[in-house]
Amino acid sequence: MGKPSPPKFDIVAARRRCLAYRRRILDISQQVTALHVAPAFSCLEMVDLIYHGLIRRDPSRGNPGFLDGFVMSKGHGCLSQYVILEDLGVLTKTDLERYCTPAGQLGAHPDYGVPGIEASTGSLGHGMGIATGMAYADKIRGDDRRTFLLLSDGEFQEGSTWEAMMMAANLNLDNLIAFMDLNDFGGLARMSEGHPAFYPVLEKIRPFGWEAIEVNGHDAAAVLQAVVSRRGKRPFMVVGKTVKGRGVSFMEHFNIWHYRSPSKEEYEKAMAELAEVCS
Amino acid sequence: MRNTFAQTFYEAAKLDQRLAVVVADISPAGSMQKFRDEFPDRFVNTGVAEQVMIGMCAGMALRGLRPFAYTIATFTLFRPFEFVRDDLCYQNVPVTIVGIGGGVTYSTLGGTHHAMEDVAVAAAIPNMTVIAPCDPAETRAATLWCAGQTRGPVYLRLGKAGEPDFTSKAPEPWEFGKLRYLKRGRDVCILTYGPIMKVAVGLADLFEKAGKTVSVVSVHTLKPLDRDGIAEALNTHRQVVVIEELVPRGSLAGQVKEIAWDRHAQCRLDGFTLHDHFIHNYGSHNDLLAAHGLDLASISAKLGLA
């Protein structure tokens, strides 16, 4: 096919990027009263890896020129996607400055038609089915594109996710690679308290016909290693154990940050923490 | 209708490799097996799993295919409703969802299998197109239109099997978005869609026996509705009768009354729909229509023709 290889992934550069992305997200948080900071922080390393280490890109085919697909099934994590698409030149600085405003095109959930956004999500439990259809279409058309998919752990409470997982396995979709953001928090309660039967997670995923592995979802090198060393005969899932609100001490494990934007004081405190990590 | 759909889809799909069908544990009879044998990759059965049927269709359409989802009307539309709304309509992708057994066609299967409100529900969603052919020939024309269209999602409401021909002698062809006169008269105009055309044709006979000339119209495209065509029908006949196998809320009858008000129509106007309640009756399709007051005897009595 002559497609370029996935980009070389530099772990030190990735750490630096994710720090900058967290700061950028906090900047945006000062413009609107409600946004999903914590859910974006929990999946950030995995989304960064998908865009910077896995998706092949060919600028000669226009912008964005992605040769692999990505569906952000946990739509409320899309700030992580927006800041990366801005960094990649797919979205503009102005796009992000106009986040959730009448003049802008970016809302709190990804919308199909916006540059770089391949599916409208936000309602949970839809991404697995859409991505299964995409991967199947690529398969029968002989396109070597891979479809990457990021889901929240809460989406595994939706029956539709399991319906689609069974189909993806039935259809042997080895071109479908999913990432579960296992941050253990729903909107109301911890997953481990409300749905203790979900654990251990791998024992639920694998019998559905998936190859799966559990790693630290903030350890991009480990996630990448899991992806490249997969057997690849079936759909593959990385269960990434993550921390909701990761990177800012007072946001970690506090579910209020699912929705809340930080005050000016909180913003400065968070930025100081992130600067410290940087040095 | 089912067999005609399968045969027509097979013919279209032989010519267009983008056409695929995703079914949920039910398959159109006849030629669908031929399609499945010849093009196994383009036939997917999700089993009893309608959400992934719709979700997969969306994903396939986003990758350039033209999928059809196919199962019983209640399960193609109601069960995965929010997937139809978000994945198909909100993203506005060209996917046709085929609902077999619209209305009370499945007359022995009980209320769980009656799609009494399907057209109203489907038409309420922005971007959705709704088509309900009345016989096999219209099913063929509608299926070909769906196979070639790119405007967005379509709900194609079909009956079951064994519907008679009503349109092969029609003076005008099937045209998307336009009323289709199966015959033209000056006194009475009967507007209808779907297999209940059989009652409309019977009613036309009764009017003619009473000395009236009658237009019989297939309103096969329910959305976008041919409002100008309906206004013209209202203004060129003394009496207009709407007959449909749908609940009153969101019905064609209600929309025709709205158009009549807006366009200052002067004709007599009567609408006959399913009742706004579930029934627990079993029997033939005609028995079920009768239980809803949609049989020829009930309608003609109400119109003073008995």
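Tutor: Two residues are said to be in contact if their C-beta atoms, placed from the backbone, lie within 7 Å. This is a predicted model, in which local features need pLDDT of at least 70 and side-chain atom pairs count only at pLDDT 80 or more, while totals for chains, interfaces and linings use all residues. Residues are numbered from 1 along each chain as its sequence is written, and chains are lettered from A in the order in which they are written.

With that in hand, 22 residues of chain B are in contact with 20 residues of chain A. Helix H3 (50-62) and helix H5 (81-90) of chain B each supply at least two residues of the side that touches chain A, and H3(B) gives the most, with nine residues; helices here are DSSP runs of H or I with at least four residues, strands are runs of E with at least two, and both are numbered from the N terminus.

Within chain B, an automatic or database domain assignment gives domain 1 (2-157) and domain 2 (180-302). Their centres, taken over C-alpha atoms, are separated by 26 Å, and 24 residues of domain 1 of chain B are in contact with 25 residues of domain 2 of chain B. On the domain 1 side, the elements giving two or more residues are helix H6 (118-123), strand S5 (129-131) and helix H7 (136-148) of chain B.
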